[in-house]
Protein chains: 2
Amino acid sequence: MEFSVVREDGRARFGILKGTHGVTETPCFMPVGTLGAVKGVTWEDIKRMGYHLVLSNVYHLYLRPGLEIIKEAGGIHKFTGWNELILTDSGGFQVFSLGKLMKLTEEGVFFKSHIDGSEHFFTPEFVVKFEEEIGVDIGMVLDECTPYPATYEYAEHSMERTVRWAERSINSRTTDKTALFGIVQGGVYDDLRLRCVEKLVKLPFDGYAIGGLSVGEPKEEMYRITKLVAPQLPKDKPRYLMGVGTPLDILEAVESGVDMFDCVMPTRNARNGTLFTSYGKVNIKKAKYKNDFTPLDPECDCYTCKNFTKAYLRHLYVTGNVNSVILNTIHNLHFYEKLMEKIRDSIKEEKFSEFKVDFLRKFKGDKSQISR
Amino acid sequence: MEFSVVREDGRARFGILKGTHGVTETPCFMPVGTLGAVKGVTWEDIKRMGYHLVLSNVYHLYLRPGLEIIKEAGGIHKFTGWNELILTDSGGFQVFSLGKLMKLTEEGVFFKSHIDGSEHFFTPEFVVKFEEEIGVDIGMVLDECTPYPATYEYAEHSMERTVRWAERSINSRTTDKTALFGIVQGGVYDDLRLRCVEKLVKLPFDGYAIGGLSVGEPKEEMYRITKLVAPQLPKDKPRYLMGVGTPLDILEAVESGVDMFDCVMPTRNARNGTLFTSYGKVNIKKAKYKNDFTPLDPECDCYTCKNFTKAYLRHLYVTGNVNSVILNTIHNLHFYEKLMEKIRDSIKEEKFSEFKVDFLRKFKGDKSQISR
């Protein structure tokens, strides 16, 4: 993997990331396709929107279809039909949130499948092996995702284990075709976060993620930790804020120097009828849209906005039609990619701060939540 | 509406149907979009497959979103975003099958909504008014769909009411922008069917449908009635076999001189994981496909077959991923349109019988069910 920062504007960075299966500009947002498919849209749709990097997940792929089938298919790209960049989260977060965590030991983590209750064991080495064998472009190490709230002692203990697991992960690598990213933990404790960074940057990771945020902590804590941690990470490596977030969250984090994001929000919200527009969020099920024959977002040029009205989108939603999922997802993911494109353009023109204020003024309808 | 038979091969006909919003060649299959959307695919997908005519439904559109909203939108084309031909079934079948039928009178039919139990009343005149006001290209008259089995007396009575309703429908027309089709009823009784035809062809309908089939009767009955009725219908008007069917059903009916078809089969089966291929039906959930890395149908050039394997389609199905619906529906509807295209081509070349035998030999894996 190669990464270079092409332009800086304050701490915001415009960069280019080259992996084994493609290239993406940064800052970038990764659509979430945990099971090897981004729900509601085809890869053709994803490419048309301008995405070159999607996220999948070791926990989910390990359970279904499983390592053997993906290997037999010739790797995750061949199996899924997506032929550009793929990053996999290690599954650490899923083991803690979805599966029934059975036992956490120094060696690894025992868990029960959320599907059939079967018992499994992940070690840092196994996760790296899995990621290398299915051939992802970027793999995340197995970490212990500190919940919120957590005591200082708990956060310290889990951060230190995350560092030891990071070392084991690095030591178990067998190929550079799959880049490996370390994950910074430490809860909302500044000194723990900084100690974690200090230790991880000594390891030859290809990039660094900020984990353990967007897990229920107040937004201010997320922004504070991001602002603290991101600038401490190596300038020549990509920085990834995991599981984030809203347009505001992304803008705040880009301002702190973050390059990569993923979040279920655009896809999950699409399925729930919550749509992102230039003028804020729209809850399409509201009765007031039943005879609103204007496009969802007049400034959007996605297939949904070019061809359909809010009244039709509401009709599809309230009748439970699967096309509601399709059209809403096309729009929300398009909206996110356009946001990232505008962010990148504004950094190139050294106008990121202005863009951020302008975007949020329109999106929020007021400036009360906007920091500069 | 204009219709002309361009070529005949035995009783099979290749024709061209021009409506207010477009043109389609016949024999044609209409994807079913009861609520103004074909589940699982966008209009863009539908057009790419080669469809120019889709089916919707008065019963469903009347309940949701309702006449006022569609009118306010500027008609059904503007409301749904589909800008080519639309045919609406009258809702007669749905009143009998979906809604709770309350009372059938000479005047019309009282029914309860299957959604909220609210009470409604359809007359033949109202259905024509609805179809004209939402601006469909082809409207079907309200008929009394005779169930199977039905006594001779019942079938006779309901056929005669259907004829009287057909007269009232014709008399209530106010525009020729919406073509109107009559519907032949009469159960599985030859003389009732022929009497119905005799009466309906005296009315100036733009086309004629064979209704009351595909409602549970044995296949042989369906084929027999179709073979009996179709040739009695005016040669210069399109003939539509409602709710049919399998590839075999369609081939049999085309051989009898039918021009138009609709059926939920390709879309509903797609959602249930049953896929049509040149070599027969595939139940994609079967375990044997879990490591089958070949395309669903090697002879198919749809997006699904060009880009994905059976193993991936099975993975999407068993994990309940909405993309299973999308990719399966794209394939099944593509398969149906290609079948119709090959049927049309074979009629043009006067090789329909050969095509039918060849197709079915491959599709069924044997010739036992093939008639010539």
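**View 1. Lysine charges over aromatic rings in chain B.** In this predicted model, B:Lys348 holds its charged end over the ring of B:Phe14, 4.7 Å from the ring centre. B:Lys47 does the like with B:Trp82: its charged end sits over that ring, 5.7 Å from the centre.

**View 2. An edge-to-face pair in chain B.** Count up the aromatic pairs over all chains and you get 48. Take B:Tyr62 and B:Phe111: their ring centres are 6.5 Å apart and their planes meet at 65°, so this pair is edge-to-face. B:Tyr62 comes from helix α2 (residues 58-63) and B:Phe111 from strand β8 (residues 109-112), so the pair ties together parts 49 residues apart in sequence. B:Tyr62 is buried at 19% relative accessible area, and B:Phe111 is buried at 0%.

**View 3. A stacked pair in chain B.** B:Phe276 and B:Phe335 stack with 6.0 Å from centre to centre and 20° between the planes. Here strand β15 (residues 274-277) supplies B:Phe276, while helix α14 (residues 322-348) supplies B:Phe335, 59 residues apart. B:Phe276 is buried, with a relative accessible area of 1%, and B:Phe335 is buried too, at 6%.

**View 4. Two glycines from the annotated binding site in chain A.** The unreviewed UniProt entry lists a "binding site" whose positions include A:Gly92 and A:Gly212. A:Gly92 lies in helix α5 (residues 92-97), is buried at 1% relative accessibility, and touches A:Leu142 and A:Asp143, leaving aside residues up to four places away in sequence. A:Gly212 lies in the loop between β12 (207-210) and α9 (219-229) and is buried at 11%. Setting aside residues up to four places away in sequence, A:Gly212 touches A:Cys145, A:Thr146, A:Gln185 and A:Arg193.

Terms used: Residues numbered from 1 in each chain as written. Chains lettered and ligands numbered in written order. Predicted model: local features only at pLDDT ≥ 70, side-chain atom pairs only at ≥ 80, totals over all residues. Heavy atoms only, no water. UniProt positions renumbered as here; feature names shortened; annotations may be inferred. Helix = DSSP H or I, 4+ residues; strand = E, 2+ residues; numbered from the N terminus. Buried < 20%, exposed > 50% of the residue type's maximum accessible area, 1.4 Å probe, protein only. Contact = heavy atoms within 4.5 Å. Phe/Tyr/Trp six-rings, centres within 6.5 Å; stacked < 30°, edge-to-face > 60°. Lys NZ or Arg CZ within 6 Å of the ring centre and 35° of its normal.
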